[in-house]
Structures are given as structure tokens and as C-alpha cells.
Amino acid sequence: MQVNVETMFLLSKHAIPAMIKTAKGGAIVNISSISGFGASVRSAPYAAVKAAVINYTQSQALALAPKRIRVNA
């Protein structure tokens with residue numbers, strides 16, 4: 001979780017204010033996996049982390065759309 005989710009959160013935390021101030025918008029692309037859309041017998045922790053990335057990305061997309069920042073995974 002720390003490597004995949006916390007790092008993404010911290011990068012966004014610092015990039016978003018700069019995007020709003022200087023670029024008047026922008027784009028964020030997070031890396032996820034199809035494994036994040038469902039349970040995985042082979043690797044439950046991997047699926048859980050990728051699901052967190054997908055959900056965080058969707059939440060950011062909704063929150064940042066009015067600020068002209070696109071967020072995709």
C-alpha cells in the first residue's frame with residue numbers, strides 16, 4: 001500500500017496545487033491493473049492495492065474535474 005497508493009497520494013498532493021496555479025489544469029495518469037476490478041485467488045494483496053488505485057483515481061477525477069484536471073488510470 002505504501003509504495004503503490006501512498007506514493008500516488010503524495011505526488012498528487014504536491015502536483016495538484018501547481019497544476020491549478022500555473023497550468024490552469026492538466027492531467028494525472030495513475031497506473032493500475034485489470035486485477036483491481038475483481039478478487040484474485042492468486043494475489044489478494046495485489047488486487048487490493050490496484051482496487052485502491054482505481055477507486056482513488058475515480059474520486060480524484062470527480063473532485064478535480066471542475067478545476068480542469070483530468071485523472072485517469
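Ile-16 touches Ile-28, Gln-60, Leu-64 and Ile-69 when residues up to four places away in sequence are not counted, a contact being defined as heavy atoms within 4.5 Å. The model described here is predicted, and local features need pLDDT of at least 70, side-chain atom pairs count only at pLDDT 80 or more, and totals for chains, interfaces and linings use all residues. Residues are numbered from 1 along each chain as its sequence is written, and side-chain values use heavy atoms, with hydrogens and water left out.

The secondary structure of the protein consists of two helices and two strands, taken as DSSP runs numbered from the N terminus, with at least four residues of H or I for a helix and at least two of E for a strand. From the N terminus on, these elements follow the order α-β-α-β. The C-alpha trace spans about 45 × 20 × 15 Å along its principal axes, and buried residues make up 29% of the 73 residues. Of the contacts with a separation of 6 or more, 56% are accounted for by residues 24 or more positions apart.

The axes of helix 1 (residues 2-23) and helix 2 (residues 44-64) come within 9 Å and cross at roughly 20°, the axes being lines fitted to C-alpha atoms over the stretch in contact and the angles running from 0 to 180 degrees between N-to-C directions. Helix 1 is therefore roughly parallel to helix 2, given that angles under 35 degrees count as roughly parallel, over 145 as roughly antiparallel, 65 to 115 as roughly perpendicular and the rest as oblique. At this contact, Asn-4, Val-5, Met-8, Phe-9, Ser-12 and Ile-16 of helix 1 meet Val-49, Lys-50, Ala-52, Val-53, Tyr-56, Gln-60 and Leu-64 of helix 2. By class, the contact of helix 1 with helix 2 has nine nonpolar, three polar and one charged residues, with Ala, Val, Leu, Ile, Met, Phe, Trp, Tyr, Cys and Pro counted as nonpolar, Asp, Glu, Lys and Arg as charged, and the others, Gly among them, as polar.

In the loop between strand 1 (26-29) and helix 2 lies Ser-33, which counts as buried because its relative accessibility is 18%. Ser-33 touches Tyr-46, Lys-50 and Ile-54, with residues up to four places away in sequence not counted. Val-41 lies in the loop between strand 1 and helix 2, but its relative accessibility is 87%, so Val-41 counts as exposed. Val-41 and Thr-57 are 16 residues apart in sequence and 24 Å apart in space, C-alpha to C-alpha.

Arg-68 is found in the loop between helix 2 and strand 2 and, at 62% relative accessibility, counts as exposed. The phi of Arg-68 is near 65°, a positive value in a residue other than glycine. Most residues other than glycine have a negative phi.

Definitions and conventions: Buried means under 20% relative accessible area, exposed over 50%, partly exposed in between (1.4 Å probe, protein chains only).
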